[in-house]
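This briefing goes with a sequence and a structure. Please look at both before reading on.

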Amino acid sequence: MIVALTGQKGGVGKSTLAICIAAELLARRHKVLLVDADPQGTIRTWGEVAVDAGQPLPSIVAMGSTMHRADQLPTVRLGYDDVIIDCPPRHGEIQRSALMVADMAILPCGPSSADAWALGASIDLVNEARTLRSDLEVRILITRKQGRTALGRSAREELEKSGIELLKTEVGYRVAFAEALGAGQGVTAYAPKDAAADETRALVSELLLWEKNHGTQEAPAQPAKAGRRR
Ligand SMILES: Nc1ncnc2c1ncn2[C@@H]1O[C@H](COP(=O)(O)OP(=O)(O)OP(=O)(O)O)[C@@H](O)[C@H]1O
Ligand SMILES: [Mg+2]
């Protein structure tokens, strides 16, 4: 599957989630390509740290606003089970390009009502992409949630009004995420017993279950790949 972590707002946890999802898929023996579509290069920097620390890591490639072209990501992805794209905030052209190739776009969103309101511009962008691609799946992911606060509960209701489905998994505000990235790892390898790892495993399982139930379209030129689907 091709999953894009996207959204117009900065600092919501796109890169953190992209890395932790990719690292967990790798641990499950999937062939994973992690696409750094952010000029900030968070993924590439993490990759360098991972190599220095001797940690296993997925293939990493930098791509921009032309990634949707047939000779770009659709070609590069052949041979990989999963592609995770980390989008930059605001750069509309890059996000649009990712939305042209993704099977699923995930919009991470903080737990407050203000976070929900800030999602408007991101929803406009994905809806624009969906007018061109009716098969694009979009999900909101509640993240950086602090406890079982009233604010957290109201966010889910607020977000459901957007007309975009929410992922069942919710991710808490947990320092293990930042620590894991600093160690060149994903959180499930860095702190397997932490709640952050439980949430990441649940998220990856939810995505894989979605893929199993809905399937992703196989490229006609690659019929042999069908047997390798999990
Ligand atoms: N679930 C979480 N709990 C606690 N801290 C988190 C969580 N997710 C991300 N962070 C922290 O929040 C900050 C921003 O996260 P990250 O870089 O992943 O966001 P981003 O959406 O990729 O940002 P940008 O839009 O700038 O690319 C980082 O310091 C990261 O460690
Ligand atoms: Mg980022």
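This is a predicted model: local features need pLDDT of at least 70, side-chain atom pairs count only at pLDDT 80 or more; totals for chains, interfaces and linings use all residues.

Residues are numbered from 1 along each chain as its sequence is written, and chains are lettered from A and ligands numbered from 1 in the order in which they are written. Helices (H or I, at least four residues) and strands (E, at least two) are DSSP runs, numbered from the N terminus.

**Sheet**

- Seven strands make up an open sheet with parallel pairing, in the order β3-β2-β4-β1-β5-β6-β7; two strands pair if DSSP finds at least two bridges between them.
- At the edges are β3 and β7 (165-166), each of which pairs on one side only.
- Strand β1 (residues 2-5) runs parallel to β4 (residues 82-86), and four bridges join them.
- Within that pairing, Ala4 has Ile85 as its bridge partner, and Leu5 stands opposite Asp86.
- Three bridges link β1 to β5 (residues 104-109), again in the parallel sense, with Val3 opposite Met104.
- Strand β5 also pairs with β6 (residues 137-142) in the parallel sense, over six bridges; there the bridge partner of Met104 is Glu137.

**Burial in the strands**

- A residue is buried if 20 or more other C-beta atoms lie within 10 Å of its own, exposed if 12 or fewer, and partly exposed in between, with C-beta atoms placed from the backbone.
- In a regular strand the side chains alternate between the two faces of the sheet.
- In β1, Ile2 and Ala4 point one way and Val3 and Leu5 the other way, and all are buried.
- Five of the six residues of β5 are buried, leaving that strand mostly covered.

**Helix α2**

- Helix α2 (residues 42-52) has Ile43, Trp46, Gly47 and Ala50 buried.
- These buried residues line one face of the helix, because they fall within an arc of 105° seen down the axis of α2; the arc is that of the directions from the helix axis to the C-beta atoms.
- They pack against α1, β2 (32-36), β3 (59-62), β4 and α8.
- Just after α2, Gly54 has a positive phi of about 70°.

**Nonpolar core**

- A nonpolar core is a set of buried Ala, Val, Leu, Ile, Met, Phe, Trp, Tyr and Cys residues joined through C-beta atoms within 7 Å.
- The largest one has 66 residues, of which Ile21, Ala22, Ile84, Ile85 and Ala98 touch the most other members.
- Helix α1 gives the largest share of this core, nine residues.
- Neighbours within four places in sequence aside, Ile21 is in contact (C-beta atoms, placed from the backbone, within 7 Å) with Val3, Ile84, Leu203 and Val204.

**Ligand 1**

- The shell around ligand 1 has 19 residues, and Gly10, Gly13, Ser15, Thr16 and Ala178 come nearest; a residue is near a molecule if its C-beta atom, placed from the backbone, lies within 6 Å of it.
- Two or more residues of this shell come from each of α1 (14-27) and α8 (175-182), and the largest share, three residues, comes from α1.
- The shell divides into seven nonpolar, eight polar and four charged residues. Ala, Val, Leu, Ile, Met, Phe, Trp, Tyr, Cys and Pro count as nonpolar, Asp, Glu, Lys and Arg as charged, and the others, Gly among them, as polar.

Terms used: Two residues are in contact if their C-beta atoms, placed from the backbone, lie within 7 Å.
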